[in-house]
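Here is a brief report on nonpolar packing and aromatic pairs. Start with the structure itself.

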Amino acid sequence: SIKGQVVINEFLASNHISVQDEYGDYDDWIELFNPTEDSLILSGYYLSDDMGNLNKWVFPQDDSQFIIPAGGYIVLWADGEPKQGLNHLSFSLSKDGEEIVITEPDGYTIIDQKTFGYQRTDISMGRDSLNNNIWSYFISPTMGSENGFGYQEISETPAIMPQRGYFNQPLSISMTNSDSSQSIHYTITGNDPTENDPLYNNEITISNTTVLNAKGFKDGFIPSLSKSHFYLMNEPYSLPVLAILTDPVNLWDDS
């Protein structure tokens with residue numbers, strides 16, 4: 001269990017629309033938590049995203065905003081823009097995965113660290129409120145407050161065969177993933193699949209131009225990203241074709 005020192009409590013390594021900083025930027029962020037019954041002064045401590053360079057960023061000396069009260073939180077913007085303020089770090093987080101490390105003022109004694117893999121956009125990762133030794137994913141990040149209900153894993157994105165392209169005869173489409181306990185739901189309307197959409201059980205026959213979207217689902221898991229394929233069927237063309245699949249609002253809304 002966590003006790004005696006400040007800990008890494010939650011982070012978001014790919015912030016697209018989740019929350020803005022005071023400049024209106026959607027930056028990565030790291031939340032620290034004080035699990036003790038006393039205030040903790042972080043002046044002189046270090047924070048880094050590189051085990052090979054533990055002293056990347058140092059907490060400023062004698063600044064009251066870096067005193068965490070008992071049971072309190074501090075949020076730091078990992079944006080690589082320290083000139084924007086004392087709570088803006090000199091590094092950002094990698095969506096593809098890396099580590100977060102807190103080090104004592106001696107520069108080498110590690111207090112807490114978290115190594116993470118690939119992160120989904122706008123889904124944070126943090127300690128589970130019911131068991132702080134377990135890290136969970138949060139669809140609704142809880143920056144600066146107690147973590148909410150978390151998911152242990154993210155569903156696997158299905159594989160679809162054949163791949164997108166131009167065809168002149170009907171196709172049999174198959175979908176697979178390596179987790180047999182995971183279900184696959186799909187749409188041919190262009191909409192993002194939900195669990196209310198058709199469940200994939202057998203090969204699907206396509207005989208007309210179709211957009212196929214498929215997504216993996218599993219109880220207790222965050223749904224996967226949608227896998228999308230565009231099948232151009234018996235459509236004459238004389239120039240190269242570029243298919244863009246997106247929600248209509250991304251093309252036709254007021255902004």
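## Cores and ring pairs

Leaving aside residues up to four places away in sequence, Phe59 touches Leu32, Leu42, Ser43, Gly44, Tyr45, Tyr46, Leu47, Phe66 and Leu76. The model is predicted.

Phe59 also belongs to the largest nonpolar core, which has 29 residues. Phe59 is among the members that touch the most others, together with Phe11, Ile30, Leu32, Leu47 and Leu76. Two or more core residues come from each of β1 (7-12), β2 (28-33), β7 (73-78), β8 (98-103), β9 (110-116) and β11 (135-138). β7 gives the largest share, three residues. A second core is separate and has 14 residues, including Phe167, Leu171, Met175 and Ile206.

In general, nonpolar side chains of soluble globular proteins tend to be buried together.

Now the rings. The structure holds eight aromatic pairs. Two of them are set out here.

| Pair | Centre to centre | Angle between planes | Type |
|---|---|---|---|
| Phe59 and Phe66 | 5.4 Å | 75 degrees | edge-to-face |
| Phe167 and Tyr231 | 5.9 Å | 50 degrees | tilted |

Phe167 and Tyr231 are both buried. Phe59 and Phe66 are both buried too. Elsewhere, ring pairs join Phe11, Phe116 and Trp135 into a cluster.

What forms a nonpolar patch on the surface? Tyr166, Tyr237 and Val241 do, with about 310 Å² of accessible area together. Val241 lies in the loop between β20 (227-233) and α1 (249-252).

How values were computed. Residues are numbered from 1 along each chain as its sequence is written. This is a predicted model: local features need pLDDT of at least 70, side-chain atom pairs count only at pLDDT 80 or more; totals for chains, interfaces and linings use all residues. Side-chain values use heavy atoms; hydrogens and water are left out. A nonpolar core is a set of buried Ala, Val, Leu, Ile, Met, Phe, Trp, Tyr and Cys residues joined through side-chain atoms within 4.5 Å. Buried means under 20% relative accessible area, exposed over 50%, partly exposed in between (1.4 Å probe, protein chains only). Helices (H or I, at least four residues) and strands (E, at least two) are DSSP runs, numbered from the N terminus. Contact means heavy atoms within 4.5 Å. Patches are made of residues with over 30% relative accessible area and no salt bridge: like charges are joined within 9 Å, nonpolar side chains (Val, Leu, Ile, Met, Phe, Trp, Tyr) within 5 Å. Accessible areas come from the Shrake-Rupley method with a 1.4 Å probe; for residues, only the protein chains shown count as cover. A salt bridge is a side-chain nitrogen of Lys or Arg within 4 Å of a carboxyl oxygen of Asp or Glu. Rings of Phe, Tyr and Trp (its six-membered ring) pair if their centres lie within 6.5 Å; planes under 30 degrees apart count as stacked, over 60 as edge-to-face and the rest as tilted.
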